[in-house]
Amino acid sequence: MLSTRLTNARFLTMDPDHPVAHDLGIWQGRIVGLDEDVTSLPAREVIDLQGATVLPGFIDAHVHLAWTGFKENTPSIAGCTRIEDVLAIVEEAVLQKGTPGAWVSIAGYDQRALGRHLTAAELDTVSHGHKLFLLHDSGHGCVVNSAVLELLPAELSRDGGFLAEGAMAAARALRLPYSQRELAEAIGRAARTCLAEGVTACAEAGIGGTLVGHSPVELGAYQLAREEGLLPLRVQLMVSADRLHPVAAHEADGIPRSLDLGLRTGFGDDRLSVGALKIFTDGGMMARTAALSSPYEGLDHAGQLQDDPDVLADTIVDGHLAGWQLAVHAIGDRAADIALDALERAQRLRPRPGARHRIEHAGLIRPDQLPRFARLGVIAVVQPNFLRYFGDDYAAIMGEERAPWLYRGRAFLDRGITLVGSSDRPVTDGSPLRAIQFMVERASESGQLIGPDEALTVDEALRAYTVAGAFACHWDDRMGSLTPGKLADLVVLGDDPRRVDPSRIGDIEVVATYVDGGWTGKAAS
């Protein structure tokens, strides 16, 4: 007997052996058969989906759940275009904070909307003795007031109160970490948002680090969230390379640096597991800190690396030698050069053809770098919604020659490179359907076409959020397609993305999601 039979639907299985089905059978959280193999079997529950379109649950291979959850509950200045409006919101948040000298966090900071960066002196006028921390929407910078600057080492670059990359990390380190309870609740809020958009599995892109980590015991917060029923979807945790340290392992193991107990990629189960080692090589385009091989258009600099190139390369190699899958953050083409060079050296020292190393973002990839991706088997994990929402700005700062190289699609697939879609939530909108629409149209919100030759078919874009996402997370044996034997994770849509006009894909209703064959209910509006 089946647990559940879903019927009267158009199942787009993403499995070439059985691409479309009308019935799907579930037993103990797994798919046991399609169509005639299950139609006549008894089931405890038969659900008529009334002609809906059903896909494998979307996989978001690069998110920040804790950050998303905290941002949802943090005062925000998003959308403000006048300095005086920003200061008014900040002062209101400060006055609601009763504890003298306490930290006050503000979300939604983006200097592009204001025309320039805020200054510490401006924040001082509304701080009332508190310490102010305005996180840049990219996650690669912040603005603080003088009360924070006074606590930082004198040698750090301050730029009037704007702190980028390592300087931002130093400011964050001044604060006590969040408690596991606070983290678990934030994770739960973000997870529910993901489910509402059809995401049934995701990869948390960096715990325990100085840039995006929220606590040295952050993994325990995810365990707590799971134990208390706050984690309704599958999560794989990338561990920050900041956690690597020298170990006295046997010389035969060839492990120069590791985590305690030799913990590495693959530990855990289908609900919560340890994924790749996250390594930052550069910053971000929003903050103008992505490392380019030539300057930004109209600026006199080309971004910055997170550390000395040799130090970054050695970290990548050591992570590979310790047995990790690597997720190397490289947005600019200069950063990608460093990542590719190091991955090539690592594979030469100890070949691991099944490692599935990833470059996160791959935001600006030159034509000459594409063959290296293919030869090394490196996976490209991109964020299409960056160009949907920020594409006009990104195209302008890259210039006419480089703009078509931004967040590529077709060029990766044509060379056999695995292309994975993701969101980097909460940096921008996390909706997979809106990202899929961009991958097909290559149009920003204003209608500007950015790299139109990089456009994909709808099927190819759907694969980036299902089959390819599963492959990138080593989940392809259990997720990514509606294949008998795999986990019964599904998203029910109000229309078929392959049959509507591409301009409507992002507006298709997410009717419901299923995880382990269990209906999570109608998606939130």
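## Strands in an open sheet

Two strands pair if DSSP finds at least two bridges between them. This structure is a predicted model, and one of its sheets is open and built from four strands in the order S5-S4-S1-S6. The pairing in this sheet is mixed. Strand S5 (30-34) and strand S6 (43-48) are at the edges. Each of these two has a single partner strand, so one side of each has no neighbour in the sheet. On average, neighbouring strands of the sheet are turned by 25° against each other, with direction ignored.

Strand S1 (residues 2-7) and S6 run parallel and are joined by five bridges.

Strand S13 covers residues 199-207. Is this strand enclosed or open to the outside? Nine of its nine residues are buried, so S13 is largely enclosed by the rest of the structure.

S13 pairs with strand S8 (residues 58-63), which runs parallel to S13 and is joined to it by four bridges. In this pairing Ile59 stands opposite Ala201 of S13. S13 also pairs with strand S14 (residues 234-240), again in the parallel sense, over five bridges. Here the bridge partner of Ala201 is Arg234 in S14.

## Helix H15 and its ends

Helix H15 spans residues 432-441 and is mostly covered, with eight of its ten residues buried. The buried residues are Pro432, Leu433, Ala435, Ile436, Gln437, Phe438, Met439 and Val440. In an α-helix there are 3.6 residues a turn, so residues three or four places apart point the same way.

At the start of H15, a side-chain oxygen of Ser431 comes to within 3.3 Å of the backbone nitrogen of Leu433. Just after the helix, Arg442 has a positive phi of about 60°.

## His140 in a loop

Where does His140 lie? His140 is in the loop between strand S10 (131-136) and strand S11 (141-144). Although His140 is in a loop, this residue counts as buried because its relative accessibility is 6%, and the cut-off for buried is under 20%.

The side chain of His140 makes a polar contact of 3.0 Å with the side chain of Glu165. Leaving out residues up to four places away in sequence, His140 touches several others, including Leu163, Ala164, Met168, Phe280, Asp282, Gln306 and His329.

## Cysteines without disulfides

A disulfide is a covalent bond between the sulfur atoms of two cysteines. How many disulfides does the structure hold? The number is zero. Cys142 is in no disulfide, and the nearest cysteine sulfur, in Cys80, is 18 Å away. Cys142 is also buried, because its relative accessibility is 0%.

Notes
Residues numbered from 1 in each chain as written. Predicted model: local features only at pLDDT ≥ 70, side-chain atom pairs only at ≥ 80, totals over all residues. Heavy atoms only, no water. Disulfide = S-S within 2.5 Å. Buried < 20%, exposed > 50% of the residue type's maximum accessible area, 1.4 Å probe, protein only. Polar contact = N/O pair within 3.5 Å; in protein donor to acceptor, adjacent residues only side chain to side chain. Contact = heavy atoms within 4.5 Å. Axes fitted to C-alpha atoms, helices over the stretch in contact; angles between N-to-C directions.
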